[in-house]
Amino acid sequence: MTDALQRARRPETASSDPGPAPAAPRGSRRARRRVTGVLKHMGLIALALVMLYPLLWMVASSLRPNDDIFTSPGLLVDTFDFDHYPTGWDALSYPFSTYLLNSFLVVLGSVIGNLISCSMAAYAFARLRFRARRLAFVLMLVTIMLPIHVLIIPQYVFYAQLDWINTYLPLIVPKFLATDAFFIFLMVQFIRGIPRELDEAARIDGAGHLRIYGQIMLPLMVPALATTAIFTFIWTWNDFFTQLIFVTKPDLYTVPVALRSFIDAQTQSDFGAMFAMSVVSLIPVFLVFLFGQRFLLRGIATTGGK
Amino acid sequence: MSALDEFRSISRSRRRTGPAGTDEETRDNKVAAIFLAPWLLGLLAITIGPMITSLYLAFTDYNLLQDPKFTGLENIRRMFTDDRLAESLQVTFTYVIVSVPLQLVVALGLALLLDRGIRGLSLYRSILYLPSLLGASVAIAVLWRLVFGADGLVNSFLDIFGVDGPSWVSDPDTALGTLIILHVWTFGAPMVIFLAGLRQIPRELYEAAATDGASRRRQLLSITLPLLSPIIFFNLVLGLIGSFQSFTQAFIVSNGTGGPSDSTLFFSLYLYQEGFTSFRMGYASALAWLLLIIIGAFTALNFWASKYWVFYHD
């Protein structure tokens, strides 16, 4: 593994460029390679700029007077206008902090739910022998790919009967029941990489499965748990479809649903305020990305999350 | 190993142990029941139960207020005469068939470009990956509406060159295109998966090929692409499944209508309108099953076709 990493990290110049012995003089070849290298970097920098441009423009626009927004494609702000943030904050029926708190609440519940329920299921799939294990495992894999739309209407009916509409229960309770099977799979993969000798040693010392799970596996699984927590955070924070359906009372709105009502309410007027609140809504995801990148990249690299 | 590989290997492998019920297979039954209890409850109450219910509802007329009324094949008959359904199928297929391959080609191209130990790899990777984390959010969809609006960013740029651009999001000919661009913009996630896959390819293969005089292009075609094909397949299947279900962007960009002139009426948006705006829950359930069947058929087709182009070296 480390070997492979080192190989992958080996800088371009050090890699013995294979290929038949050069007939051309060394100097010109090296020069040509340097030119293509520079071109490559220029292309990548240009692409990175194009990719980030809309985001940067959004931030710039949130700081401009409304009249400037649609006349300035540039990123430099001539006259700063910080009013959009306070205006946007109070533009809807509740202050934006309400929606942020609501979203955090849903995210927190979802993260805790996924961590507990998925790690338990993963432990069983990875370490226990039980009846119909293969069937259960296949079912779990299939549910990863099942579209939510097939379930949403009967789920709605079901939650309506439980009187759960306009509460966060339909958003959080399923997470405690390991319905995000993708994370079970991610953790199963991780546990399989943990040497069995560890559990076996613990078993010989008389530890039961609950203790092995709680005191050996969970601490060793921290990277997989972190990946799960981060992905759950981002996906739940961005999730619009289920939140739109289950939450219809304005005081319960989460950030995506609140932002949506911005378009409804402000069709003709305050774009700056809308941009400002859009920026605010992206900040948590951006921070998680900044600090959790390592786990994010590992997570999608090992199991191909989406 | 990805979920798809896992699936593949399970479907091919035979049972290694004896028949169910032997000590070896069932020794942990009781404790497994404890560990799996939440998952099992979720599977039954939140997944399988609703699936069966929605299959039943698909054959009923149901508006949430009165009990579902069984109507036989009425909903299915209705599908064949539903112009908006035809429209939304066309929109969805166009979107999926254009945006998924386009995104993968961009992702693969950049992964190849970044693979050979380029300086600043991690910075480029982070920057290119970021949009795929934000792309699903309402904020970005709002942004897109304004970037491609009549006075939006794109047209401000075109203005500099004296071109008077249309409102891209409110022209039926271009609205879907803006959503395709948004999808391509989020190529970072598959790119990172490709990069991880490229690292698994042993460098020795390239060295050996080069010794035999194979050109860079030859190496790409004969080593890189075949060895990467399982990952291309994985990204393709996930991309198709995901984009068939796209909802948020079309909803926000069209303000919930799927317009202009139904040109962004994604299937899931139409389903939402039928179910939660018009409260035709029965018909919406039938639509949901249609979506499941379409996705299932596409995925099966993909698995079948993979025999001809995906290379497994195990």
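Residues are numbered from 1 along each chain as its sequence is written, and chains are lettered from A, and ligands numbered from 1, in the order in which they are written. Because the model is predicted, local features need pLDDT of at least 70 and side-chain atom pairs count only at pLDDT 80 or more, while totals for chains, interfaces and linings use all residues.

Colleague: What pLDDT does chain A average?
Modeller: The term pLDDT denotes the predictor's confidence in each residue, from 0 to 100. In chain A, 88% of the residues score at least 70, and the average is 86.

Colleague: Over which residues of chain A is the pLDDT below 50?
Modeller: Where pLDDT is low, the predicted coordinates should not be read in detail. The stretch of chain A with pLDDT below 50 is residues 1-24.

Colleague: How many helices and strands does chain B have?
Modeller: Helices (H or I, at least four residues) and strands (E, at least two) are DSSP runs, numbered from the N terminus. The secondary structure of chain B comes to 15 helices and 2 strands.

Colleague: How far apart are the end C-alpha atoms of residues 175-198 of chain B?
Modeller: An unreviewed UniProt entry places the feature "transmembrane region" at several spans of chain B, including residues 175-198; UniProt positions are given in the numbering used here, feature names are shortened, and annotations may be inferred rather than shown by experiment. The span 175-198 of chain B is 92% helix and 0% strand, and its end C-alpha atoms lie apart by 36 Å.

Colleague: Is A:Val285 buried or exposed?
Modeller: A residue is buried if 20 or more other C-beta atoms lie within 10 Å of its own, exposed if 12 or fewer, and partly exposed in between, with C-beta atoms placed from the backbone. A:Val285 is found in helix α15 (residues 271-303) of chain A. Because 20 other C-beta atoms lie within 10 Å of it, A:Val285 is buried.

Colleague: Which residues is A:Val285 in contact with, leaving aside its neighbours within four places in sequence?
Modeller: Two residues are in contact if their C-beta atoms, placed from the backbone, lie within 7 Å. With those neighbours left aside, the contacts of A:Val285 are A:Ile234, A:Trp237, B:Leu133 and B:Leu134.

Colleague: Which element gives the largest share of the side of chain B that touches chain A?
Modeller: The contact takes 88 residues from chain B and 77 residues from chain A. On the side of chain B, the largest share is 17 residues, and these come from α3(B).

Colleague: Which helix of chain B do the buried residues of α8(A) pack against?
Modeller: Helix α8 (residues 169-176) of chain A has buried residues, among them A:Pro170 and A:Leu171. Within chain A, the buried residues of α8(A) pack against α5 (96-127), α7 (149-161) and α13 (241-246). From chain B, the partner is α3 (29-57).

Colleague: What is the phi of B:Asn255?
Modeller: B:Asn255 also lies in the loop between α13 and α14 of chain B. B:Asn255 is partly exposed, because 14 other C-beta atoms lie within 10 Å. Its phi is positive, in a residue other than glycine, and is near 55 degrees.
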